[in-house]
Amino acid sequence: SYYSFHKDRLEMNDIPSNERRVWHGTSGLDPVHIYNDQMDGFMMQFAAQGLWGRGIYFADKASYSKHYSHKPTTSQASDRPAPKEGELEMFLTRLLVGKETKLNQNRALTVPPIDSKTGLKYNSVTGNTAGSQVWIVYENGRAYPEYLARYYVGNRDESRSPYESKKEASKSRRWSSCSFELDASQLMNVSRKDNATSNVSSSNLLASAPKLGARQGSWEYLSETGWVAYDAINDALIEKTFQAYSVAATAPSIVVIKGPKWEYEVDV
């Protein structure tokens with residue numbers, strides 16, 4: 001994909017990829033045109049004029065991108081559930097920010113300015129608006145549509161939000177809601193958010209965790225063929241993180257699962 005191409009190009013030029021998770025709303029454009037595009041994903045051809053010129057905009061705060069959320073209809077893509085009343089969609093994406101420059105609003109921009117120290121263009125433009133930092137890129141393939149989030153605003157509907165809180169959801173037998181496309185057999189290692197990789201046994205991991213009492217079941221992920229349990233080491237690490245966080249909310253709640261060329265996070 002162009003995303004991998006851009007990431008490799010940055011690294012070959014000794015420019016940190018500065019990869020970020022950011023939000024993006026597609027407004028009237030059906031998200032299917034982005035997540036089904038195996039080449040470009042987010043394309044300049046669909047970009048509109050904005051406060052920093054004609055580019056593709058991404059935000060740190062979901063509260064900003066919600067103003068550009070897409071309203072799905074029942075006649076749209078059949079590869080996602082039919083929408084219910086009041087539901088909206090926006091992307092949580094991975095963005096290759098690269099070398100950025102912070103600018104005041106300038107609607108005349110078409111490309112990032114040149115860095116006077118290197119003679120090369122910056123990779124991205126950033127600024128602040130409506131309570132959020134935003135990043136703007138001016139070329140295809142710089143963002144990966146990792147998740148399409150569907151949500152609604154208003155009073156809780158138990159048929160759509162069965163758990164009132166993260167703590168309540170954690171009591172479910174299916175403790176993990178993380179989904180990804182690769183099978184567990186492809187996992188290479190697992191680490192905590194501080195990147196301290198785990199090379200110890202599952203029994204040692206659990207032995208050092210605060211005790212909440214006996215719990216039945218195992219942590220699972222959603223593969224293309226259905227829910228699958230994590231292997232013993234990963235299961236123990238996630239359980240240890242969950243138990244520590246349940247006892248003290250100041251403890252880390254994120255476990256990073258890493259593969260040879262990818263990674264994803266489980267937030268317990």
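Biologist: Where does Asn-18 lie?

Modeller: Asn-18 sits in the loop between helix 1 (2-12) and strand 1. Helices (H or I, at least four residues) and strands (E, at least two) are DSSP runs, numbered from the N terminus. This is a predicted model, where local features need pLDDT of at least 70, side-chain atom pairs count only at pLDDT 80 or more, and totals for chains, interfaces and linings use all residues. Residues are numbered from 1 along each chain as its sequence is written, and side-chain values use heavy atoms, with hydrogens and water left out.

Biologist: Why is Asn-18 called partly exposed?

Modeller: Its relative accessibility is 27%. Buried means under 20% relative accessible area, exposed means over 50%, and partly exposed is in between (1.4 Å probe, protein chains only). Asn-18 therefore counts as partly exposed.

Biologist: What is phi of Asn-18?

Modeller: Phi is near 50°, a positive value in a residue other than glycine. Ser-27 also has a positive phi, of about 55°, and is not a glycine. Ser-27 lies in the loop between strand 1 and helix 2 (32-35).

Biologist: What makes Ser-27 partly exposed?

Modeller: Its relative accessible area is 33%, so the class is partly exposed.

Biologist: Why is Arg-156 put in the partly exposed class?

Modeller: Arg-156 has 35% relative accessibility, so it counts as partly exposed. Its place is the loop between strand 8 (143-151) and helix 4 (166-170).

Biologist: Which residues does Arg-156 touch?

Modeller: Leaving out residues up to four places away in sequence, Arg-156 touches Ser-161, Pro-162, Tyr-163 and Glu-164. Contact means heavy atoms within 4.5 Å.

Biologist: Why is Tyr-57 called buried?

Modeller: Its relative accessible area is 15%, so Tyr-57 is buried. The residue belongs to strand 3. Beyond residues up to four places away in sequence, its contacts include Trp-23, His-24, Trp-52 and Trp-135. Tyr-57 and Thr-26 are 31 residues apart in sequence, and their C-alpha atoms are 9.9 Å apart.

Biologist: How much space lies in the second largest pocket?

Modeller: About 490 Å³. Of its 25 lining residues, the closest to the centre are His-24, Gly-25, Ala-48, Gly-55 and Tyr-57. A pocket, on a 1 Å grid over the protein atoms alone, is an open set of points where a 1.4 Å probe fits, with protein on both sides within 12 Å along at least five of seven lines; lining residues have an atom within 4 Å of a point.

Biologist: Which strand gives the most to that lining?

Modeller: Strand 3, with 5 residues.

Biologist: How many charged residues are in the lining of the second largest pocket?

Modeller: None; the lining has 16 nonpolar and 9 polar residues. Asp, Glu, Lys and Arg count as charged; Ala, Val, Leu, Ile, Met, Phe, Trp, Tyr, Cys and Pro as nonpolar; the others, Gly among them, as polar.

Biologist: How do you know that the span of helix 6 is close to the expected one?

Modeller: Helix 6 (residues 232-247) has 16 residues and reaches 22 Å from its first C-alpha to its last. The expected span is 1.5 Å times one less than the number of residues.

Biologist: How many of the protein's residues count as buried?

Modeller: 40% of the 268 residues. The protein has 6 helices and 13 strands.

Terms used. Grid points are joined across faces, edges and corners, and a volume is the space filled by probe spheres set on the points.
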